Amino acid sequence: MTDCPECAARQVQVEMKFDPNTKHFICKKCGLYATREQVSDIKYRLNRRERTREDKHDEYRDWWQSSKKEKQG
Ligand SMILES: [Zn+2]
């Protein structure tokens with residue numbers, strides 16, 4: 001059972017259909033068409049993107065807190 005990583009990124013759980021002839025997974029919702037390797041690659045990239053976004057958020061918060069400290073003296 002493989003969930004579509006593109007739809008999972010949009011908080012939608014969609015089970016992909018496997019085509020044994022082409023050895024590709026197909027998502028009926030977003031139209032993603034990928035091999036098992038490509039699906040796990042997309043999952044990996046999306047996970048990394050989520051983490052990067054969180055890192056940026058932390059950087060912003062650090063910057064904001066340090067700038068507040070400067071203003072307070
Ligand atoms: Zn999808």
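Buried means under 20% relative accessible area, exposed means over 50%, and partly exposed lies in between (1.4 Å probe, protein chains only). This is a predicted model, where local features need pLDDT of at least 70, side-chain atom pairs count only at pLDDT 80 or more, and totals for chains, interfaces and linings use all residues. Residues are numbered from 1 along each chain as its sequence is written, and side-chain values use heavy atoms, leaving out hydrogens and water.

**Zinc site**
- Cys4 (SG), Cys7 (SG), Cys27 (SG) and Cys30 (SG) coordinate the zinc ion at 2.3 to 2.4 Å.
- Donors are N, O and S atoms within 2.8 Å of the metal (3.2 Å for Na, K and Ca); water is not among the atoms, so sites may look incomplete.
- The donor residues follow the spacing C-x2-C-x19-C-x2-C.
- Cys7 sits in helix 1 (residues 5-9) and Cys30 in the loop between strand 2 (24-26) and strand 3 (33-34), so this pair ties together parts 23 residues apart in sequence.
- Helices (H or I, at least four residues) and strands (E, at least two) are DSSP runs, numbered from the N terminus.
- Cys7 is buried, at 3% relative accessibility.
- Cys30 is partly exposed, at 37%.

**Salt bridge**
- A salt bridge is a side-chain nitrogen of Lys or Arg within 4 Å of a carboxyl oxygen of Asp or Glu.
- By this rule there is 1 salt bridge.
- Arg45 and Asp41 form a salt bridge (2.9 Å, N to O).
- Arg45 and Asp41 are 4 residues apart in helix 2, so about one helical turn separates them.
- Arg45 is partly exposed, with a relative accessible area of 48%.
- Asp41 is also partly exposed, at 33%.
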